[in-house]
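Take a first look at the sequence and the model below. We will walk through them step by step, starting with one residue.

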Amino acid sequence: MEANNTDIEVAVFGAVEEILTAIGEDADDELTPDLKLIQDLEFESIDFVQLIVVIEQRLGQKVGFQDMLMQDGKYVQDLSIQQIIDFTNNRLNNPETAASAPAAPTAAPLAANADQQRITEADVSRFVQLIKPRHIASNSTARKNPRAVFILSPPRSGSTLLRVMIAGNPALFAPPELHLLSYATMADRAEDLSGERGDQLSDGVLRALMQNRNWTHEQAKTLLTDSIDKSLSTQAFYNELQVGLGNRLLVDKTPTYAFSTNILQQAESYFEDPLYIHLMRHPCGMIRSYEESDLTRMMPLLMQSSEFSSAAVAEMIWLLSNRNIMQFSESVPADRWCSISYENIVSEPESQMRRLCEFMDVEYHNDMINPYSDNKARMTDGADNASKMSGDLKFHLHSQIDPAAATRWRQFRSEDMLGDATLGLVSKLDQDVARIRL
Ligand code: A3P
């Protein structure tokens with residue numbers, strides 16, 4: 001579908017203004033095409049993805065911004081408003097020249113650096129102290145909720161892609177990240193999610209209510225506010241989400257649950273025989289992805305510290321989360337546990353989805369391997385705006401399942417940058433559990 005230059009300019013300028021308002025950086029002066037997003041407008045790299053989601057929404061079509069944002073496997077360092085307008089114009093009106101759209105300067109490659117400190121067990125012990133203490137729900141006598149399914153993984157493991165694939169099966173209800181299990185009450189949850197981008201993290205429950213009750217955003221917000229005011233237990237709130245699901249299974253993917261075994265155990269006390277999917281990804285892919293997304297500053301449950309680099313934080317999150325998941329698995333009967341890897345999902349989507357369906361005892365549905373169809377039913381559109389979907393916004397950069405994403409890290413990282421403990425767990429998972437070394 002073509003779009004004229006004026007429509008494109010209106011969409012791009014409008015989207016830049018929308019993101020500036022969202023990040024509280026109102027432009028002092030009038031926006032001009034030469035302004036650069038990071039240098040002049042104080043965007044952060046993660047805002048780029050939000051911006052392109054909003055532009056595509058305003059234009060009502062996909063543009064294929066992946067090729068603009070990523071050059072030679074690396075994300076661009078900065079872009080001017082004019083570069084975005086030109087790329088969009090080329091893509092929509094001259095697709096044959098769009099592939100050679102002017103390359104923006106790219107970030108310096110993160111070469112394997114021999115001097116980089118490899119993480120040690122002592123680092124991990126200090127890192128664990130950065131995970132916020134939390135209230136554990138008092139041993140509730142409440143009746144257990146019906147069965148639910150949990151996708152357990154560290155962040156940046158392809159969990160949004162997996163959740164959206166699962167959401168393509170009509171027997172399953174897989175909303176965006178819920179962030180419920182980590183807290184005893186909705187008031188605790190609201191307090192922890194009140195920081196930067198808290199709205200985005202909190203939105204998953206709203207989107208879920210809108211879908212399963214057929215509610216407006218306002219109606220969902222009223223229930224959420226009421227639950228916070230009454231300090232409703234998170235178990236009771238899960239019940240609100242399960243109302244009306246009939247035989248459909250609720251699938252909750254929230255990567256931070258793996259930060260603590262206490263959180264994971266909460267699933268056993270809240271639900272009747274819950275099922276678990278352990279999603280793993282090679283740590284180098286996860287680390288690269290985490291660094292690019294600059295996630296630390298908006299990670300719930302994690303206190304900020306300047307002691308560790310972003311790569312070290314990512315590696316320790318990978319190690320700690322997978323250790324917690326593995327430890328927790330020992331207390332769960334084998335027939336309620338299934339392991340899967342991102343690498344396998346992107347390279348053999350159909351066989352992996354069939355395996356998961358068998359595990360969850362639901363019929364396979366072909367929409368599972370077409371994750372970009374029907375964004376409303378899959379809840380990739382956010383509660384009031386797609387740029388606020390709770391989860392990985394990079395999902396929107398792709399337009400199909402992309403197998404190349406699993407090995408992109410090889411351009412920037414190597415296994416010899418990993419600490420011994422991480423490397424040991426990589427070998428164990430790869431040999432005993434699911435293929436993560438491609
Ligand atoms: P990269 O940053 O390495 O590209 P999570 O949802 O757990 O945060 O995981 C995010 C990772 O999933 C990102 O990895 C993202 O690109 C990847 N991903 C999202 N959609 C994808 C798709 N359609 N195909 C392949 N990878 C995808």
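Glu56 is buried, with a relative accessible area of 9%. Buried means under 20% relative accessible area, exposed means over 50%, and partly exposed lies in between, with a 1.4 Å probe and protein chains only. Accessible areas come from the Shrake-Rupley method with a 1.4 Å probe, and for residues only the protein chains shown count as cover.

A word on the source: this is a predicted model, where local features need pLDDT of at least 70 and side-chain atom pairs count only at pLDDT 80 or more, while totals for chains, interfaces and linings use all residues. Residues are numbered from 1 along each chain as its sequence is written, and side-chain values use heavy atoms, with hydrogens and water left out.

Back to Glu56. Its partner is Lys62: the two form a salt bridge, and their closest N and O atoms are 3.5 Å apart. A salt bridge is a side-chain nitrogen of Lys or Arg within 4 Å of a carboxyl oxygen of Asp or Glu. Side chains of opposite charge can pair when their charged atoms come close. Lys62 is partly exposed, at 40% relative accessible area.

How many salt bridges does the structure hold? The count is 23. Another one joins Lys230 to Asp226, with the closest N and O atoms 2.9 Å apart. Here Lys230 is exposed at 58%, and Asp226 is partly exposed at 32%.

Now go to helix α13, residues 283-293. Helices (H or I, at least four residues) and strands (E, at least two) are DSSP runs, numbered from the N terminus. In α13, Glu292 and Arg288 are four residues apart, so about one helical turn separates them. They form a salt bridge, with the closest N and O atoms 3.0 Å apart. Glu292 is buried at 15%, and Arg288 is buried at 10%. Salt bridges that share partners join Arg288, Glu292, Lys394 and Arg408 into one network.

Lys394 is among the closest residues to the ligand, along with Ser159, Thr160, Ser289 and Tyr342. In total, 20 residues surround the ligand; a residue counts as near if one of its heavy atoms lies within 4 Å. Arg408 has a polar side-chain atom 3.3 Å from a ligand oxygen. That is a polar contact: a pair of N or O atoms within 3.5 Å. The protein covers 98% of the 570 Å² of accessible area that the ligand has on its own.

Backbone atoms take part too. A polar one of Gly158 is 2.8 Å from a ligand oxygen. A polar one of Gln400 is 2.9 Å from a ligand nitrogen. Which helix gives the most to the shell around the ligand? It is α7, with three residues.

Finally, look at strand β6, residues 275-280. All six of its residues are buried. In a regular strand the side chains alternate between the two faces of the sheet. In β6, Leu275, Ile277 and Leu279 sit on one side, Tyr276, His278 and Met280 on the other, and all are buried. Strand β3 (148-152) runs parallel to β6 and is joined to it by four bridges. Two strands pair if DSSP finds at least two bridges between them.

Note on methods:
Polar contact = N/O pair within 3.5 Å; in protein donor to acceptor, adjacent residues only side chain to side chain.
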